[in-house]
Amino acid sequence: MLRRAVTFLAFITLAMLAALATPAAFAESGRVPKPVIDIANPGQCIASPEVMRRTHMDLLKHQRDKTLREGERHAKISLNGCIDCHASKNNGSVLGTKENFCQSCHTYAAVKLDCFECHQPKAAKIAGVKP
Amino acid sequence: MSTDTSRRAFIAASAGAAGFVALAPGVKLMDLAQANADPDVASGKVRWGMLIDTTKCATGCSDCVTACAKENAIEPGSGRPSQSSQWIRKIELKEKTGGHRELSLPMLCQHCANPPCVDVCPTGASFKRADGIVLVDRHICIGCRYCMMACPYQARSFVHEPLHNQNPEVPRGQGCVESCTLCVHRVDKGQTPACVESCTHQAMLFGDLNNPDGEIARRINTVTSSQVRADLRLDPGVRYQGI
């Protein structure tokens with residue numbers, strides 16, 4: 001009787017340990033890989049990360065019309081401005097590998113990234129074209 | 001019932017507010033539209049244009065074409081020269097009679113005041129800026145090429161192949177129509193277009209056609225200049241001297 005109780009307790013303990021350990025292991029190793037971000041010039045962005053994460057596409061879409069159609073070129077919001085800070089140290093671009101700023105998050109969120117069909121993903125200095 | 005009351009109150013308040021939105025005496029809506037408080041924005045008071053002196057333009061010289069390609073990162077396509085983008089090209093003309101006078105001139109987007117490319121664009125991608133520069137908004141261009149057919153100067157090109165080495169200030173991409181931007185990214189910084197800057201024969205003059213004290217307006221007033229296909233009454237911003 002006693003032996004049966006001990007076995008039962010041991011079994012319960014093991015099950016509880018397993019239950020505790022499993023989520024922790026998932027969070028650490030990451031069943032879904034989190035974006036790894038490498039930024040050449042880290043510093044103060046134009047807004048908080050929470051705001052930028054949610055609204056950068058709207059900010060850029062609004063500004064692109066102001067810049068192209070009205071010639072407003074010194075706006076705070078600028079795709080080239082994004083690239084100048086957020087380009088990677090390795091290849092000077094926001095694209096290329098999973099560590100590059102734009103690509104890493106867009107891959108993580110599975111959102112197609114169209115900007116660079118036309119725009120240069122490298123920072124002006126690195127692209128080798130005079131600014 | 002209460003909803004109805006609040007709705008009436010809202011309408012009354014709106015009507016009252018609308019009553020206050022009146023213009024001060026002597027202020028026209030047009031003035032408000034043209035008042036450009038922000039110098040960073042293209043002004044409707046300016047009309048950018050170019051005067052090309054064909055008597056100075058040298059036969060065989062293509063410095064302007066080279067400078068344009070360098071500035072805007074235009075590279076020849078892979079093995080299909082007829083499909084390469086061409087924002088500016090040199091044209092050699094020869095008079096058939098008399099002493100066979102030869103002429104050379106650069107042909108580029110004429111930045112018309114009444115641009116047919118803008119008229120035919122089904123999406124509004126082809127547009128004219130307030131300062132007269134005619135551009136393609138690649139964000140909404142669907143690549144239908146109507147504008148290429150409408151342009152009497154054959155100034156536009158279609159990008160057939162993916163591009164990679166763009167100038168960060170000159171986005172270009174596959175599937176869109178493009179043409180001379182009058183180096184709008186340089187003009188907005190107060191510089192002149194790359195072709196004008198590169199011309200060693202001083203055959204190209206860039207400036208504001210609306211500024212009567214400017215060099216270009218002064219020259220247009222004093223020398224005989226002509227518009228290519230003036231019969232179409234498109235009022236091009238690029239004028240030629242000596243043709």
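**Exercise 1.** Which residue with a positive phi follows α3(B)?

*Solution.* The model is predicted: local features need pLDDT of at least 70, side-chain atom pairs count only at pLDDT 80 or more, and totals for chains, interfaces and linings use all residues. Residues are numbered from 1 along each chain as its sequence is written, and chains are lettered from A and ligands numbered from 1 in the order in which they are written.

Step 1. Helices (H or I, at least four residues) and strands (E, at least two) are DSSP runs, numbered from the N terminus.
Step 2. The residue that follows α3(B) is Ala73(B), with a positive phi near 55°.
Step 3. Ala73(B) belongs to the loop between α3 and β2 of chain B.
Step 4. A residue is buried if 20 or more other C-beta atoms, placed from the backbone, lie within 10 Å of its own, exposed if 12 or fewer, and partly exposed in between. Ala73(B) has 18 C-beta neighbours inside 10 Å and therefore counts as partly exposed.

**Exercise 2.** Determine how the buried residues of α3(B) are arranged and what covers them.

*Solution.* Step 1. In helix α3 (residues 63–71) of chain B, the buried residues are Cys64(B), Cys68(B) and Glu71(B).
Step 1. Viewed down the axis of α3(B), these residues fall within an arc of 70°, so they line one face of the helix. The arc is that of the directions from the helix axis to the C-beta atoms.
Step 2. Their cover includes β2 (88–94), β3 (102–108), α7 (194–198) and β8 (204–208) of chain B. Contact here requires C-beta atoms, placed from the backbone, within 7 Å.

**Exercise 3.** Describe the pairing of strand β10 (residues 238–241) of chain B and the directions of its residues.

*Solution.* Step 1. Two strands pair if DSSP finds at least two bridges between them.
Step 1. β1 (residues 48–53) of chain B pairs with β10(B) in the parallel sense over 4 bridges; Leu51(B) has Arg239(B) as its bridge partner.
Step 2. β9 (residues 225–226) of chain B pairs with β10(B) in the antiparallel sense over 2 bridges, and Ser225(B) has Gln241(B) as its bridge partner.
Step 3. Val238(B) and Tyr240(B) point one way, Arg239(B) and Gln241(B) the other, and all are buried.

**Exercise 4.** Is Leu182(B) buried or exposed?

*Solution.* Step 1. Leu182(B) lies in the loop between β7 (177–178) and α6 (184–187) of chain B, and its phi is positive, near 55°.
Step 1. Leu182(B) counts as buried because it has 28 C-beta neighbours inside 10 Å.

Note on methods: Contact = placed C-beta atoms within 7 Å.
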